[in-house]
Amino acid sequence: MRAVDAVMECLKAEGVDVVFGLPGGANLPTYDAFVDAGIRHILVRHEAGGGHAAEGYAKATGKVGVALATSGPGATNLVTPITDAMMDSVPVVFITGQVRTELLGTDGFQEADTIGITMPIVKHSFMIQHPLEIPRAIHEAFHIARSGRPGPVIVDIPQDLSRAEIDYEPVTDLRLPGYQPTTDGNQKQIRQAAKALASARRPVIYAGGGVINANAAGELTEFCRADRFPVTCTLMGLGAYPAVGADGALDPQWLGMLGMHGTRAANYAMDEADLICCVGARFDDRITGKLSEFAPRAKFIHIDIDPAEISKNVPAHIPIVGDARNVLAKLLIEYRALGADPGRLEDWWTRINGWREKHPLRYEDSADSEIKPQYMIEAVFEATGGDAIISSDVGQHQMWAAQYYHFAQPRRWINSGGLGTMGFGLPAAMGAAVGCPDQLVVCIAGDGSVQMNAQELATCAQERIPIKVLIMNNGYLGMVRQWQELFWDKRYSHVDTGEFPDFVKLADAYGASGLRLHDKRTLVSDLRDALALDGPVVVDVRVTREENTYPMIPAGQPAREMVG
Amino acid sequence: MGEPGTKETLSLEDLDAVVGLRTGRKHVLSILVENKPGVLTRIAGLFARRGFNIDTLTVGPTDDEGVSRVTLTVDGAVHPIDQVTKQLHKLINVLKIRDLEPTDTVARELALFKVAVDGGQRGELMQIAEIFRGKIVDVTKRAVIVEVTGTTEKITAFESMVRPFGLIEMMRTGEIAISRGRGET
């Protein structure tokens, strides 16, 4: 069969049920193979939309996402999603077309050095040089993408090689002698960690996206509840520990998100902790603030599947390399065997509860019908019953969503954390909705961000992908405006986007339902009505124009210097 | 799942951190890599984007044609060596990394020196070359090329000796290194 038909067989063998892509010259053979392959292909309107959709699919389902593009501009349009997937450890396989081998290196039409361009932003890449390499490369790409610390993998296939006839045999063995992720966790170190936790008087569990990648939310929750451990999650980790219980009340051990726009309780607890147990997070600058003054009294347990993360930013006292699910399960057994006295945490909880009472998340609500952005998120939480998959773009709306939408389950919060990619939310919601057709998928977007991939509304309309896009519209690039207000003497420079475009008309043009809301008093019921509409929906929610996201650790400051 | 732990208590005070190691000395990393396209670019790119500086780099075949050996030297005063090696380990095509201990390692580099000497000084230069067990590999009326093999320190010492003659140019291969004793590097 043709090599491209073998590619289809490989995709099926990997359990791929859907791919996102856009055809072009160099991947015409691949697209010919799709005609008979029986794999759902979703035609996106821009390769970046396809890449983010594959990410959203992967984040929502836990399976490997797949995105396709042609050579040259098709591949370069994938650079942002690939980087995004690298920064947030998202398992995605990108298959790109390349010019014919005889044209390689000649600046041929639509030639770009895809492998070279993407080398710093992939977990691994395969440059196909012989058609017989193709099946093995596809399988190894999937294995590398999903195992260990997940990430993006590219397979770049020259057009002529993809047309070649090959004898296809299913590949059953992988030949990756240099790739053997450590997953078990050292038992002695785990025991040491249990003992440290048992003797800690001011412990904090700090969990990140790695817990979600490892499908370890259940293990994390069980471990935290083995004692009364205070727990906080990073932006990427939201949902790893249930913020709210089945009754809708906030979980007593949940401190809220930590970091730049985290709660005071979470950040102050980190600041005063004597032991911090980090699981699947990486002490990013948005968490630590000023590194030299971060958690000055704390010792650190660091559990991560990637050994290079351990002691990268913050020296670990008890490093544990392993899969969070394995390690947490073992840690629970060790910890229970110690029979630690929960009473030792009494003073610590008194202190934490003091911060919670004094500094809850709060905002001044409007006296009239004006919709405060924070209220909009509360209304979305209420209208969805707290049970939707929420994607977001990047900016103020993202932070408010993270603060005010309380996630009770993993894989319900899909956003771009590390790279901070505006334009991520809408296509990611599309991918999530394709992966989870039985779930309500809501994109909370900014009016700035949403336009960066609004073209995918056409895809949603054509494919009947019923995402609900709720635009928090303040007519500003809001987060930049906030920084200009706070740190640049309110000298607003190119942040006012005005009334453009008319999102209702835009939705209509794309074949989606569009409506506009500006009354707080009916917002929850209006949102319920909008969410109940069939097909893709765009809701332009007009919110207070100049509202700031608080609280906030100013960049480069320690946690105690939180403002707002 | 392992045995449940003993109930000995543990004092948090006694815990020591594993810090990023800046050793303050030169490190010779001997790296076995799969002989696949782009491997060297991946290694070099990793150094560049993490801000690590490679002092010397050599690449050559091994007795296994599917495997190449990269020997590179890094300044452990400037870079945390453990971060360098951990990041290298993340490259899929990297099979093995050995941070060679200077005392258990034989390291050599080869250098060619083109020195501006005429008849009057040639004898003196040849004497110096002999002391360093160097070889004169080419002589013309106004220049001599000397080949020297040895440790980096020896070659640097030779350089300082011939520089006053008028050093036209110098080429060095960078170090290769092999561990002492019976075991494989």
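Student: Over how many bridges do strand 2 and strand 3 of chain B pair?
Tutor: Good place to start, and keep in mind that this is a predicted model. Strand 3 of chain B covers residues 67-75, and within this pair Ile54(B) stands opposite Val74(B). The two strands run in the antiparallel sense, and the number of bridges between them is seven.

Student: In what order do the four strands of chain B lie in their sheet?
Tutor: The sheet is open, with antiparallel pairing. Its edges are strand 2 (54-61) and strand 4 (94-100) of chain B, each of which pairs on one side only. From one strand to the next the twist averages 15°. Reading across the sheet of chain B, the order is 2-3-1-4.

Student: Which helix of chain B packs on that sheet?
Tutor: Look for a helix that touches strand 1 (26-34), strand 3 and strand 4 of chain B. Its direction makes about 160° with that of strand 4 of chain B. The one you want spans residues 81-90: helix 2 of chain B.

Student: Which elements give two or more residues to the side of chain B that touches chain A?
Tutor: In this contact, 30 residues of chain B meet 35 residues of chain A. By class, the chain B side has 12 nonpolar, 11 polar and seven charged residues. The elements giving two or more residues are helix 1 (39-50), helix 2 and strand 4 of chain B.

Student: Now for chain A: how many residues of helix 17 are buried?
Tutor: Helix 17 of chain A runs over residues 396-404 and is mostly covered. Among its buried residues are His397(A), Met399(A) and Trp400(A). What covers them includes strand 9 (254-257), helix 16 (373-383) and helix 20 (478-487) of chain A. Of the nine residues in helix 17 of chain A, the buried number is eight.

Student: How far apart do the C-alpha centres of domain 1 and domain 2 of chain A lie?
Tutor: The domain assignment gives chain A domain 1 (3-163), domain 2 (187-358) and domain 3 (373-542). For domain 1 and domain 2 of chain A, the distance between C-alpha centres is 37 Å.

How values were computed:
Residues numbered from 1 in each chain as written. Chains lettered and ligands numbered in written order. Predicted model: local features only at pLDDT ≥ 70, side-chain atom pairs only at ≥ 80, totals over all residues. Pairing = 2+ DSSP bridges. Axes fitted to C-alpha atoms, helices over the stretch in contact; angles between N-to-C directions. Contact = placed C-beta atoms within 7 Å. Buried ≥ 20, exposed ≤ 12 C-beta atoms within 10 Å, placed from the backbone. Nonpolar A, V, L, I, M, F, W, Y, C, P; charged D, E, K, R; others polar. Domains from an automatic or database assignment.
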